[in-house]
Amino acid sequence: MSEMWINMGPQHPMTHGLWNLRVKIDGELIVDADPEMGYLHRGIEKISEDRHYNEVVTLMDRCCYVAGMSWEHLYILASEQALSIAPPERAEYIRTMADEFQRLGSHLMWYAAFVQDLGLMSPFLYGMRDRDLILDLFQSFTGARMTYEYMRVGGVRNDLPPGFTDRARKVMDWLVDRFREYDALCLGSDIFRKRCDGLGVLSQAQCVELGVTGPMLRSAGSSRDLRKDRPYSAYDRLEFDVARADAGDVTARYLVRMEEMRQSVRIVRQILDWLDTHPGPVMAERVPRWLGAPYAPIGREDYLLKRRYPKGVGFSAIEEPHGEAQAYVVNEGGEHPYRVKFRSPVFANLSAAKHYLVGYHVADIPPIMGSVDICVGECDR
Amino acid sequence: MTVTLYSVAQSIAQAILGAIASVLPPAGRGVASAPVVTGLAVLLFAAILLVASMLNTIVLIWFERKLLGRFMDRRGAMHVGFAGILQNFADGLKLARKDTVRPREADTLGFWTGPTAYLVTSLILFGILPVSSGWNSGVLPLSLLLALAIFSFAPLFIFVSAWSSNNKYSLMGGMRSAAQMIAYEVPLLLSVVAVVLVSGSFDLTTIVEQQQNYWYGGPLLLALIVFVAAMLAEMERIPFDLPEAEAELVEGWNTEYGGMLFAFFMLSDYVRALVGSYLVVLLFLGGWTMPTWVPSTLTSFPLAGIVWFMIKTYIVFGVFVWVRAALPRVRTDQLLRVGWNRMIPLALLSVVLAAGVVYAKCLPVFGCVPGLGG
Amino acid sequence: MEPGEWERTLRASLGEAVVAVEPFAGTRGRVRFRAGRALDVFRTVHGAGFTHLSMVGAIDWVDHREVFYVVWSDAAKEYAILSTDVPADQPRVASATSVWPSANWHEREAWEMVDIQFEGHPDLRHLLMPDGYAFHPLLRSFKLHEPEELEVKVRHV
Amino acid sequence: MSASTPPSPTAAPAAGATASEIELPVIQAPAVPFVEIEALRSREFIPAAKEALTSMIQEQGQAKLIRPVFNWAGRNSLFPLHWGLACCAIEFAAAFGARWDAERFGVVPRSSPRQCDLLIVNGTVTWKVAHKLITLYEQMPEPKWVIAMGNCATGGGPFRTAYSVVPGVDKLVPVDVYIAGCPPRPEAMLDGILRLEDLIRTRKE
C-alpha cells in the first residue's frame with residue numbers, strides 16, 4: 001500500500017462548507033488532488049429567471065452567505081446597466097460602505113476559520129466576536145444579520161438610522177486595535193510562521209493562467225484590484241491602497257487580507273465623514289413599479305408598464321472579498337431577467353486546487369484551503 | 001503522626017475487621033490480625049484511590065473547559081450543576097448509554113481491547129505515583145522507572161485501536177501517534193535522568209522529600225522545560241496534538257469510536273494529562289512538601305500533603321491549558337525534527353548541567369543539594 | 001481603444017472570423033465571431049493582452065445558443081466580451097482550455113447547464129450535478145415546478 | 001411489588017408473563033410422576049423469576065430511576081455533528097462564538113458522526129448530498145436526534161422549486177425539531193436545542 005485516495009468531505013472539519021476534496025496521498029505527501037463540487041448547487045441562475053428583478057436580490061444574499069452584500073451589489077450593478085437606471089450619489093456611497101463592511105465581516109470570518117484550521121483555538125472565538133460587531137451594524141440599517149435584501153434596482157431600500165455613523169466609528173476604532181492583537185497571535189508565533197511560510201505557493205503567472213483572483217492573486221505580486229482598476233460606485237472618489245505581497249504563500253495571503261481589513265476601515269471612515277455632510281435621496285426616481293421598489297413615485301405606478309421596457313444586457317464586475325465576481329444579466333424586455341450568469345471567484349480559485357496542493361503534506365491541506373477562503377454557496381450557486 | 005490517606009484506610013480496615021471479629025465466635029477472631037488488616041487496608045486504599053482519581057480527572061476536564069472558556073472570552077459549561085460542574089458527569093452517563101457501533105470491517109479483538117487497555121494502563125499509574133508522604137515508600141524503590149515504563153505503553157494501544165478501526169484517518173492518526181510518542185520518549189527520559197543524577201534515587205518519595213527546600217525546577221530549569229515540552233507531546237495536547245488533529249484527520253485515531261469506548265479514550269487522555277502534571281510536580285516542584293519557611297499551620301492539617309499536591313497539579317495543568325489556548329499546531333515532520341534535532345541535544349545538555357550541579361554541590365542562589373551525603 | 005478601431009485590428013488578422021465588434025458599456029466591446037474559427041479568435045485575443053479568462057457562459061435563445069467569454073487585459077485594465085452563436089441542434093464550439101486553462105471548469109458548467117459541446121475539452125464531465133444527470137437545467141425548455149409531495153419520514157419508535 | 005417475591009410453583013402467574021409460558025404441567029397432566037413434576041417445577045422457576053425481575057426493572061426501576069437519570073444526561077450533553085451545509089452553518093458557528101456560547105448548555109460539536117447524538121441540518125440539502133446525509137445519520141449511534149435548522153432544511157426555503165433541492169430534510173431522515181428563520185439567529189438555534197431538551201425530558205421508550 002503506497003498510494004491511496006482519501007475523501008475529505010462533504011463532512012469534514014477542513015471543508016468549511018459542502019464540498020469534497022479528493023486527495024491522493026503517498027504516506028503524508030499529496031500526489032494528486034481533485035475537488036468535487038456541486039453539493040450545494042441550488043439552481044440560483046435558473047430560479048432567477050422566474051423572479052422579478054428585485055426578488056433576485058433575495059437569492060443573492062443566500063448565494064454567498066458570508067458576503068451577501070457584495071453579491072447584492074454585483075447583481076444590482078448589472079441589472080441597473082441592463083435596465084438603464086442610475087442610482088443617486090448617496091446610495092452609491094451607502095453601497096460602497098456596505099460593501100466594505102461586508103469585506104470586513106467576510107475577512108473576519110475567514111480569519112476565524114483559518115486559525116481554527118491551524119489549531120489555534122482562541123482566535124477563532126475572537127474573530128467571531130468581532131464579526132458580530134459588524135453584523136450588529138448591518139442589523140441596525142438593514143434589519144438582518146446575514147441576509148439583508150437591502151439593495152434595490154435604483155438605490156438602496158432605506159437610509160441609515162440616526163446615530164449610525166458614530167456607532168460605526170466606534171466599531172472601526174475597536175477593530176483597528178484588535179488587528180494588532182490578531183497579528184500578535186499569528187505572526188508573533190514562531191509555529192505559525194514555520195507552518196505557513198512557503199506553503200501553497202502559486203506564482204503570479206500561474207494565477208493569471210488559472211483564473212485565480214482576489215487576495216490570492218494580490219499575494220503573488222499582482223496589484224490588480226477592480227476597485228482601483230475599474231472603479232464602480234464611489235470607489236473612484238475614495239483614497240485607499242491596494243494590499244499586496246510577493247511570496248504567494250499562505251503567510252502572504254494572511255498579510256494581504258489583514259492589510260485589506262485595515263484599508264477597509266480607512267475607506268469606511270472616509271465614507272462616514274461624507275455621509276454626515278451629504279443628506280439626500282437614496283432611491284432613484286422613475287423606477288418601474290414592477291421592480292418592487294418601495295419608493296416608486298406615487299401616482300406613476302404604471303409609468304413603464306404600458307410599454308415594454310427597452311432591452312439590454314448588463315455586465316458588472318466587482319472586487320468581492322474572495323476575489324473578482326462578475327454578473328451578466330440579459331434583459332429581454334420582460335418582468336424577469338432572461339438569463340443571469342454569475343462568475344464566482346471561489347469557483348475559479350478552487351479549480352486550481354491541484355496546483356497549490358500537490359507536493360505538500362496532508363497536514364498542510366487545512367491551512368492552504370483555509371487561506372483560499374472558500375464559500376461553497378457562491379461556488380456552486 | 002500526620003494523617004495520611006493510607007492511615008485513614010488502615011483505621012477504617014481496623015474498625016471494620018474489629019467489628020466483625022467481636023461478633024464472630026472465638027475461632028474466627030483471627031480475622032482482625034495484622035496481615036488481614038493490612039490487606040484490607042490496601043484494598044480500601046486502592047478503591048478510594050481509584051474513585052478519587054476518576055473524580056479528580058473529571059473535575060480536571062471541567063477545570064480545563066472553564067479555563068479555556070475564560071481564555072476565549074466566554075464562559076464554558078454553565079447549565080448543569082453549579083457553574084457546570086456536573087457537565088462531565090452528564091457527558092459520561094450519556095456516552096455510557098449510547099450504542100457502540102463497530103464497523104463491519106473492523107477487527108473485533110483490537111477494536112474492543114485497544115481503548116480498554118489504554119484506560120487500564122493509564123489508571124495503573126495512579127497506584128504508583130505517590131501524592132503524599134507514606135504512600136508506598138520502600139515498596140517500590142524504582143517507582144519512577146516503573147511509572148515511566150507504564151506511561152509509554154499508550155502508543156501501542158492507540159495504534160492497536162487505530163489499526164483495527166479500519167479507517168484511513170484512524171490509521172494515519174495511529175501512525176502519527178506512534179511516531180510522535182517514540183520520538184518524545186527519549187528526551188522525556190533524558191530530562192528525568194538529570195533529576196535522578198541530582199537526587200541519587202529512583203524512588204519518587206525520596207526525590208520529593210529531598211526537594212523540601214530545594215525544588216529541582218530551579219537549578220534544573222532546562223530539564224524542566226524539556227520535560228514539560230516532551231510531556232505535552234506525550235499527552236497529545238496542542239501544539240502537539242497531531243494524532244487527533246481535528247482539521248485534517250477528522251478525530252484522529254478515535255474517529256470510529258463512539259459511546260463508551262470513546263468515553264474511555266476521552267477519560268484516558270485526561271488521566272494521562274493528570275499523570276503528566278503529577279510527574280512535573282513530583283520531579284520538579286517539590287511534590288507534596290512545602291518549604292520549611294511556610295508556617296506550619298498551613299502544612300500540618302490533616303491530608304495537607306494531598307491538598308498542596310493538588311493545588312500544584314492544577315496550576316501546572318492550568319499552564320498546559322494556557323498553552324493550548326495560545327498556540328497553533330505544528331506539523332508532523334516539524335514535530336519529529338524538533339524532537340530528534342532539538343529536544344534530545346537539549347536534554348543531553350540538561351544532563352550535563354545536572355552533573356555540574358552534583359559536582360558543585362552548592363550553587364549561589366539555590367543553595368546546597370540535599371541528599372548527596374555532603 | 002474604440003470598438004471600431006479594435007474591429008479593424010481584429011479583422012486584419014482574423015478576416016471573416018469576426019462578425020462584428022459591438023460597443024458594450026464598461027468593456028472594450030463585444031466581439032461576435034464565428035464558432036468554426038473559435039480557436040483562432042482565442043489565440044489572437046490572448047495575444048492581444050487578454051491573458052485572463054474570467055468567465056464562460058452560455059445562453060439558450062431557443063432557436064440558437066450563444067456562448068460568451070469574458071476576458072481581461074492586465075495591461076489595458078479592461079474587459080472584453082467574446083460571443084458566438086451556435087445552432088441549437090449542433091451546439092459545438094472549440095474548447096478554450098488550450099489557450100486559457102482556467103476555462104476548464106467554466107466549460108464543464110456550460111456543458112452541464114446549457115448543453116454546449118466543447119470540442120477538445122480534456123475532462124468534460126458533470127461538475128455541479130451528480131453523475132448521470134440527464135437534463136440540462138438552464139435550457140428554456142426545462143421548467144421549474146413545485147416539488148411533488150414526498151413521504152415524510154417519521155421516527156420509528 | 002408482589003412480583004419481586006419468588007413465586008411459588010403453584011402461585012398465580014407472574015406479572016407480564018403470558019399464560020402459555022407458566023402454565024404448570026401439574027395442572028395440565030396430573031398423571032406425571034412426582035419426581036418429574038418437581039423437576040419441571042424447578043425448571044419453570046428460573047424463567048418465572050427472571051421474568052419477574054426483568055419486568056420489575058423495566059417498569060419500576062426504569063421509570064423511577066434509570067430513565068430519568070439517563071434522560072438528564074442525554075439532554076444535557078447533546079453533541080451536534082460539526083457539519084456546515086449552507087447559510088445557517090454560519091449562524092451555527094456564531095452560536096458557538098463568544099456572544100452566544102452554546103457550550104454553556106453542554107453542546108460541543110464533534111467531527112465524527114460516531115460521537116454525535118444530534119444532527120443539525122443547517123442549510124439547503126441537495127439531491128447530490130442526500131445519500132451522504134442519510135449515511136451520516138445512520139452512522140450516528142442511537143439515541144440520536146435531528147434538528148432541521150432554517151427554512152431550507154424545513155421545506156426547501158426560497159429554493160423549493162429548484163431542480164436540485166430536497167424540499168425539506170424530513171423527506172430523508174426523521175426530524176424532531178424544526179427551527180424557522182432564514183437563517184435563524186443563534187438565539188433561535190439555542191432555543192431549538194432547549195426545546196429538544198424538553199422533548200428528551202418527557203421521552204418514554
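A residue counts as buried here if 20 or more other C-beta atoms lie within 10 Å of its own. By that criterion, 41% of the 157 residues of chain C are buried. The model is a predicted one, and the predictor assigns the complex an ipTM of 0.86 together with a pTM of 0.85.

Among the contacts in chain C with a separation of 6 or more, 47% join residues 24 or more positions apart.

Turning to the way the chains meet, five pairs of chains touch, and the pair formed by chains A and D has the most contacts. Chains B and C, by contrast, do not touch, and their nearest C-alpha atoms are 16 Å apart. Chain C does meet chain D, in a contact that takes 13 residues from chain C and 14 residues from chain D. On the chain D side, these residues comprise six nonpolar, three polar and five charged.

Confidence in chain D deserves a look alongside its contacts. The mean pLDDT of this chain is 76, with 72% of its residues at 70 or more. Residues 1-20 of chain D stay under 50 in pLDDT, and the model gives this stretch 28 contacts beyond four places in sequence. A further stretch of chain D, residues 23-34, also has pLDDT below 50, with ten contacts in the model beyond near neighbours in sequence.

In chain B, helix α10 covers residues 259-284. After α10(B) comes G286(B), which has a positive phi, near 85°.

What does α10(B) contribute to the largest nonpolar core? That core holds 322 residues, and the members touching the most others are F227(B), V280(B), L283(B), L82(C), V121(D), I147(D) and M149(D). Its largest share, 19 residues, comes from α10(B). Leaving aside residues up to four places away in sequence, F227(B) touches L188(B), S191(B), V280(B) and L283(B). Another core lies apart from this one and has seven residues, including A77(B), V80(B), L93(B) and A73(D).

A15(B) belongs to helix α1, which runs over residues 5-23 of chain B. Is A15(B) buried or exposed? With 11 other C-beta atoms within 10 Å, A15(B) is exposed, because the cut-off for exposure is 12 or fewer. Its C-alpha atom is separated by 9.2 Å from that of A32(B), a residue 17 positions away along the chain.

Notes:
Residues are numbered from 1 along each chain as its sequence is written. Chains are lettered from A and ligands numbered from 1 in the order in which they are written. This is a predicted model: local features need pLDDT of at least 70, side-chain atom pairs count only at pLDDT 80 or more; totals for chains, interfaces and linings use all residues. Two residues are in contact if their C-beta atoms, placed from the backbone, lie within 7 Å. Ala, Val, Leu, Ile, Met, Phe, Trp, Tyr, Cys and Pro count as nonpolar, Asp, Glu, Lys and Arg as charged, and the others, Gly among them, as polar. pLDDT is the predictor's confidence in each residue, from 0 to 100. Helices (H or I, at least four residues) and strands (E, at least two) are DSSP runs, numbered from the N terminus. The expected span of a helix is 1.5 Å times one less than its number of residues. A nonpolar core is a set of buried Ala, Val, Leu, Ile, Met, Phe, Trp, Tyr and Cys residues joined through C-beta atoms within 7 Å.
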